[in-house]
Amino acid sequence: MTNKHIRNRQLSDFSTDKRVLFVIGIAVPVAIAAMFAGMLLLQLIRLCTNLAYFGRFSFEESQLGSVSLGLWSVGIPVVGSLLIGLIARYGSEKIRGHGIPEAIEAILLGRSRLDAKVAVLKPLSSAIAIGTGGPFGAEGPIIMTGGAIGSLIAQALPVSDNERKTLLVAGAAAGMTTVFGTPIAAIMLAVELLLFEWSPRSFIPVVVAATVAELGRSLMGMGGPLFPFDGTMMTSLPGFAGWIAIGIAAGLLSGVLTQLVYACEDGFQRLPIHWMWWPMIGGLVVGIGGLVDPRALGVGYENISAMLDGQMLGVAAIMLLLVKAIIWSVALGSGTSGGVLAPLLIMGGALGAALAGWLPDASPGFWALLAMAAMMGGTMRAPLTATFFAVELTGNVHALLPLIVACVTAHAMTVLLMKRSILTEKIARRGHHIVREYRVDPFELTHVRDVMTAQVVSVPAAMTLRAAVRFLTAPDTRHPSFPVVDEQGQVLGIVDPPSVLAWRRAGEHRDQTLEQLLRGKKITLAYPDEYLAGLVDKLVHANVAHLPVVSRTDGSLVGYIGWKDLMRVRQRLNSETHDRTALMGRKGRSGR
């Protein structure tokens with residue numbers, strides 16, 4: 001950071017500047033490219049499904065749940081998984097998994113860089129996986145693909161790491177919007193999962209990208225809710241209890257599914273064969289599951305429609321839930337390519353449909369809808385995304401309150417029961433800890449005067465270099481550096497062991513005064529009323545550990561601040577979190 005940037009640091013609600021207009025301009029072509037990638041992915045899935053199960057070259061929608069499959073069908077997922085293993089080993093290993101953890105990892109650890117192989121191979125491998133019966137959704141792959149497009153475009157331009165991250169996420173949001181027609185949910189997904197910040201510089205371009213994708217989607221005749229549903233229920237105390245019950249049930253199932261996925265992954269890790277062959281084993285389990293219940297194969301959007309229409313209840317819903325959970329967990333644990341969102345909706349909906357008979361009366365499909373959203377919100381730990389996703393998928397704004405109650409309840413359950421989500425566990429297993437709590441930087445709220453040392457020991461400018469050496473090396477000297485003050489009380493600089501050593505190496509005479517040695521030297525000062533965020537910039541730019549604090553009115557020394565003083569902010573933050581005191585009436589005992 002330059003001196004100009006430090007001087008021009010202005011106090012405002014946001015740090016966003018006109019540069020965001022440039023990023024918005026780039027977000028538009030990113031969104032268009034991601035939109036076409038999303039449409040291509042959907043067409044590839046249909047083509048692979050028709051080729052694999054019906055032997056025809058067609059892009060028409062086909063429903064595997066209504067087809068009677070023979071023993072021959074068990075081999076279809078196996079062959080598809082073999083192709084995915086080959087693509088992963090000889091193309092790019094980054095296509096393995098469901099896409100969102102890989103996008104998060106690229107954002108936080110890889111400077112938001114994704115290569116062209118991912119943009120091409122991820123949708124291809126996912127289309128093969130889903131088209132050959134894999135129980136996955138298209139959202140994870142298109143998030144990865146759209147993100148790769150945004151990253152590639154950004155890598156060709158002179159942008160910062162933050163701007164590259166914004167364009168990556170903009171591509172991901174546009175891709176998700178294209179597949180599901182849920183721009184608000186895509187924006188919330190960016191905020192809750194991908195951006196790791198809440199600021200206009202990133203939020204505005206993502207909104208623009210999602211809007212452009214939805215506009216293009218509508219112009220191509222793809223507008224309207226994917227699963228129209230107008231069911232609701234009267235708000236009542238029993239109904240409210242039912243919303244919470246669905247959230248609890250979905251939260252518990254979320255935990256079970258997360259543990260099941262990673263238990264399967266651990267099992268594959270112990271196999272004495274190369275990981276390229278693991279998807280074939282997962283494909284075999286998928287094929288057998290398809291014989292038990294063909295509805296569990298593929299994306300399974302028709303299952304969502306059936307549950308919302310109230311056509312799937314009881315035993316049928318339980319069977320779908322069990323088969324889908326098993327084959328999805330095993331296949332995902334094997335390292336194949338596919339998304340988690342659609343399977344979570346189906347398994348959550350099946351849970352709601354199975355429990356509907358024990359819950360208060362509501363429109364057919366209402367409890368399935370709540371459980372779908374709650375399952376997504378709890379498993380992905382993104383309750384706002386799940387809530388708006390359900391609203392946009394169905395076009396039913398009247399279910400907004402029940403949805404948010406169920407999603408937040410499921411979210412609370414998983415947060416309390418598990419340290420990590422199904423998304424962050426994979427990253428943690430690679431040795432990286434992810435924090436998903438967003439807070440205002442305390443350095444932006446704390447003044448220098450709040451943490452500085454007010455009782456300052458200074459040295460006179462008339463002190464000689466010889467005397468300074470004796471003073472710094474004296475046994476009773478407690479600090480390594482001291483401000484140098486002249487007779488008028490003005491700070492001339494700082495004396496410390498490194499500066500003394502530099503003067504001696506330069507051949508300066510020991511009888512020279514500190515005022516002579518510091519004459520013409522540039523000094524960086526701090527002020528009591530400035531915020532620590534600006535102070536940190538000064539410390540880094542000046543490459544020093546301490547700064548004198550002077551009055552803005554007369555320049556007199558009023559304090560001294562260093563990196564140890566900054567640690568008090570962390571201590572205060574911990575105190576605000578853990579110390580408990582009653583402020584009204586009798587004060588309670590403070591403690592953890």
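**Close-up views of a predicted model**

View 1. Arg 164 and Asp 161 join their side chains in a salt bridge, with 2.7 Å from N to O. This is a predicted model, so everything shown here is computed rather than seen in an experiment. Both residues belong to helix α7, which covers residues 161–180. They sit three residues apart, about one turn of the helix. Is Arg 164 buried or exposed? With a relative accessibility of 9%, Arg 164 counts as buried, because the cut-off for that is under 20%.

**View 2. A salt bridge between two buried residues.** Here the side chains of Arg 295 and Asp 293 come together in a salt bridge, 2.6 Å from N to O. Arg 295 has a relative accessible area of 18% and is buried. Asp 293 is buried too, with 5% relative accessibility.

**View 3. A salt bridge between two loops.** Arg 552 and Asp 529 pair up through their side chains, and the N to O distance is 2.7 Å. Arg 552 is in the loop between β4 (546–550) and β5 (557–562), while Asp 529 is in the loop between α21 (514–518) and α22 (532–542), so this pair ties together parts that are 23 residues apart in sequence. Arg 552 is exposed, with a relative accessible area of 52%. Asp 529, at 35%, counts as partly exposed.

**View 4. A network of salt bridges.** Which residues are linked in a network of salt bridges? Look for Glu 265, Asp 266, Glu 425, Lys 426 and Arg 429. Side chains of opposite charge can pair when their charged atoms come close. Across the whole structure, a search turns up 18 salt bridges.

**View 5. The largest cavity.** The structure has three cavities of 30 Å³ or more, and the largest has a volume of about 80 Å³. Its lining is made of 16 residues, and those closest to the centre are Pro 77, Ser 81, Gly 134, Phe 136 and Thr 336. Two elements, α3 (75–90) and α11 (278–292), each give two or more residues to this lining. How do the lining residues of the largest cavity divide into nonpolar, polar and charged? Eight are nonpolar, eight are polar and none is charged.

**View 6. The second largest cavity.** This one holds about 60 Å³ of space. Among the residues lining it are Phe 227, Ile 304, Leu 345, Met 372, Phe 389 and Thr 394. Helices α12 (301–308), α15 (366–380) and α16 (383–394) each bring at least two residues to the lining. Which element gives the largest share? That is α16, with four residues. The lining of the second largest cavity counts ten nonpolar residues, one polar and no charged.

View 7. Ile 32, Phe 36, Leu 215, Leu 219 and Met 220 make a nonpolar surface patch of about 520 Å². Helices α2 (19–54) and α9 (200–219) each supply at least two of the patch residues. One to pick out is Leu 215, which has its place in helix α9. Leu 215 counts as exposed because its relative accessibility is 53%, and the cut-off is over 50%.

Notes
Residues numbered from 1 in each chain as written. Predicted model: local features only at pLDDT ≥ 70, side-chain atom pairs only at ≥ 80, totals over all residues. Heavy atoms only, no water. Patch = residues over 30% accessible without salt bridge, like charges linked within 9 Å, V, L, I, M, F, W, Y side chains within 5 Å. Areas by Shrake-Rupley, 256 points an atom, 1.4 Å probe, with all protein chains shown as cover. Salt bridge = Lys/Arg side-chain N within 4 Å of Asp/Glu carboxyl O. Buried < 20%, exposed > 50% of the residue type's maximum accessible area, 1.4 Å probe, protein only. 1 Å grid on protein atoms, 1.4 Å probe; cavity = no way out; pocket = protein on both sides within 12 Å on 5 of 7 lines; lining within 4 Å. Points joined across faces, edges and corners; volume = space filled by probe spheres on them. Nonpolar A, V, L, I, M, F, W, Y, C, P; charged D, E, K, R; others polar.
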